[in-house]
Amino acid sequence: MQNRQFESIDTQVLGVSVDSAAVQRAYSASLGGLPYPVLADFHPKGEMSDSFGVYNEERGVSKRAIVIIDKQGIIKFHQIYEGELPEAKDILEEVKAVTGTE
């Protein structure tokens with residue numbers, strides 16, 4: 001349901017992980033499937049995450065983060081989270097705020 005709400009305001013939700021596509025498929029299957037695509041930032045490892053400032057070089061993983069990018073490729077929101085990510089409804093509100101969508 002939440003993914004449809006993002007789509008209704010012309011927004012694409014993507015996950016990004018430094019794990020391989022095979023590992024991501026297994027992880028998604030263990031959760032019963034994910035309602036959004038997950039991109040593999042696998043080779044060169046962490047290059048996309050590093051460009052967003054969320055790659056942890058020391059551990060070789062991405063930090064938990066939300067990055068909102070507009071259609072022109074401009075980062076409109078960037079937040080790193082130490083624990084759990086916020087609820088989808090809170091992320092949806094942030095997207096609406098930065099895009100001026102109701």
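Where does Thr 11 sit? The place of Thr 11 is the loop between α1 (2-8) and β1 (15-17). Helices here are DSSP runs of H or I with at least four residues, strands are runs of E with at least two, and both are numbered from the N terminus.

Some ground rules before I go on. This is a predicted model, in which local features need pLDDT of at least 70 and side-chain atom pairs count only at pLDDT 80 or more, while totals for chains, interfaces and linings use all residues. Residues are numbered from 1 along each chain as its sequence is written, and side-chain values use heavy atoms, with hydrogens and water left out.

Thr 11 is buried, at a relative accessible area of 19%. Buried means under 20% relative accessible area, exposed means over 50%, and partly exposed is in between, with a 1.4 Å probe and protein chains only. The side chain of Thr 11 reaches the backbone oxygen of Ile 9 at 3.2 Å. Setting aside neighbours within four places in sequence, Thr 11 is in contact with Phe 6 and Val 95; contact means heavy atoms within 4.5 Å.

Asp 10 is in that loop between α1 and β1 as well. Asp 10 counts as exposed, at 55% relative accessibility. Its phi is near 55 degrees, a positive value in a residue other than glycine.

Next, the core. Which residues make up the largest nonpolar core? There are 10 of them: Phe 6, Ile 9, Val 13, Ile 66, Ile 68, Phe 77, Tyr 81, Ile 91, Leu 92 and Val 95. The elements giving two or more residues to this core are β5 (65-69) and α4, and α4 gives the most, with 3 residues. A nonpolar core is a set of buried Ala, Val, Leu, Ile, Met, Phe, Trp, Tyr and Cys residues joined through side-chain atoms within 4.5 Å. Phe 77, one of the core residues, touches Ile 66, Val 67, Ile 68, Glu 94 and Val 98, not counting residues up to four places away in sequence.

Pro 86 has contacts with some of these residues. Pro 86 is in the loop between β6 (75-80) and α4, and is partly exposed at 27%. Leaving aside neighbours within four places in sequence, Pro 86 is in contact with Ile 66, Tyr 81 and Ile 91. From Pro 86 to Gly 100 there are 14 residues in sequence and 20 Å in space, C-alpha to C-alpha.

Now helix α3, residues 47-51, which holds Ser 49. Is Ser 49 buried or exposed? Ser 49 is buried, because its relative accessible area is 3%. The side chains of Ser 49 and Asp 41 are joined by a polar contact of 2.7 Å. A polar contact is a pair of N or O atoms within 3.5 Å; within protein, one must be able to donate a hydrogen and the other to accept it, and residues adjacent in sequence count only if both atoms are side-chain atoms. Not counting residues up to four places away in sequence, Ser 49 touches Val 16, Val 18, Asp 41, Val 54, Tyr 55 and Ser 62.

In the loop between β2 and α3 lies Pro 44. A cis peptide bond joins His 43 and Pro 44, with omega at about -5 degrees.

On to charges. How many salt bridges are there? The count comes to 4, where a salt bridge is a side-chain nitrogen of Lys or Arg within 4 Å of a carboxyl oxygen of Asp or Glu. Among them, Asp 70 and Lys 76 meet at 3.9 Å, N to O, and Lys 76 is partly exposed at 43%. Lys 89 pairs with Asp 90, with the closest N and O atoms 3.4 Å apart; Asp 90 is partly exposed at 38%. Lys 96 pairs with Glu 93, with the closest N and O atoms 3.9 Å apart. Lys 96 and Glu 93 are 3 residues apart in helix α4 (residues 88-99), so about one helical turn separates them. Glu 93 is partly exposed at 46%.

Last, the surface. Leu 14, Val 16 and Leu 39 form a nonpolar patch with about 210 Å² of accessible area together. Areas come from the Shrake-Rupley method with a 1.4 Å probe, and for residues only the protein chains shown count as cover. Patches are made of residues with over 30% relative accessible area and no salt bridge; like charges are joined within 9 Å, and nonpolar side chains (Val, Leu, Ile, Met, Phe, Trp, Tyr) within 5 Å. Leu 39 lies in strand β2 (residues 38-40) and is partly exposed at 31%.
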